[in-house]
Every structure is written in structure tokens, then in C-alpha cells.
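Reader: Could you walk me through this chain, one question at a time?
Author: Gladly, let us look at it together.

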Amino acid sequence: MALRALFETRDKQLIPLDDIQHINARYNDALRDESQTLTIIYKDGMKVTIAATEYAALKSAWEARKNGR
């Protein structure tokens, strides 16, 4: 049985890393425009919004999972 990798945001949302298709790459633009959220798109098309401050840690965890670490 394969274990599913989860990322927990500061507000206790659980993000399944294996199901992520895309993380909004316009992080810097989002902060410059004073937008406080980013969108995660899952492989099934579902979208979830997270705080922009979670981006760096989530992206790092997602990439590590994709690369098998």
C-alpha cells in the first residue's frame, strides 16, 4: 500500500501532493497586486485556494515528492 504525501497549511488544510497538477506560478505577481491567495489545480480539475505565504513550502514539498525524495 502506497502512502499518500500530504502538505498541511498553517490553517490546517491538508493538500494531497500526489494529486496536484499545477500550482499557480505567478506568486510574485500575486503578492505585488496584494492578492493574498494562490490557486492549486488538481489532476481531476478541482481547484483549491491557499494563502500566498504557503507557496514556497508547498512548492518545495511538491517538487521533492515528484522527484522521489
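**A walk through the chain**

Author: Before we start, please keep in mind that this is a predicted model. Of the 69 residues of the chain, 29% count as buried.

Reader: Thanks! Which pattern does the chain follow along the sequence?
Author: Happy to start there. The secondary structure comprises two helices and five strands. Reading along the sequence, their order is β-β-β-α-β-β-α.

Reader: Is Thr9 buried or exposed?
Author: Thr9 sits in the loop between strand S1 (6-8) and strand S2 (14-16). Buried means under 20% relative accessible area. Thr9 has a relative accessibility of 3%, so this residue counts as buried.

Reader: Which residues does Thr9 touch, leaving out those up to four places away in sequence?
Author: Good follow-up, as Thr9 is a loop residue that counts as buried. With residues up to four places away in sequence set aside, the contacts of Thr9 are Ile15, Ile50 and Glu54.

Reader: What about Lys12: is this residue buried or exposed?
Author: Lys12 also belongs to the loop between S1 and S2. Its phi is positive, about 75°, although Lys12 is not a glycine. The cut-off for exposed is over 50% relative accessible area. Lys12 has 61%, and therefore counts as exposed.

Reader: How far apart in space are Ile41 and His22, C-alpha to C-alpha?
Author: Ile41 is part of strand S4 (residues 37-42), and His22 is among the residues that Ile41 touches. In sequence, 19 residues separate the pair, while their C-alpha to C-alpha distance is 5.1 Å.

Reader: Let us turn to H2. What distance does this helix reach from its first C-alpha to its last?
Author: Helix H2 (residues 55-66) has 12 residues. At 1.5 Å a residue, the expected value is 16 Å, and the helix is close to that, reaching 16 Å.

Reader: What arc around the axis do the buried residues of H2 cover?
Author: The buried residues of H2 are Tyr55, Leu58 and Trp62. They lie on the same side of H2, because the arc they cover around the axis is only 70°.

Technical notes. Residues numbered from 1 in each chain as written. Predicted model: local features only at pLDDT ≥ 70, side-chain atom pairs only at ≥ 80, totals over all residues. Heavy atoms only, no water. Helix = DSSP H or I, 4+ residues; strand = E, 2+ residues; numbered from the N terminus. Buried < 20%, exposed > 50% of the residue type's maximum accessible area, 1.4 Å probe, protein only. Contact = heavy atoms within 4.5 Å. Expected span 1.5 Å × (residues − 1). Arc of directions from axis to C-beta.
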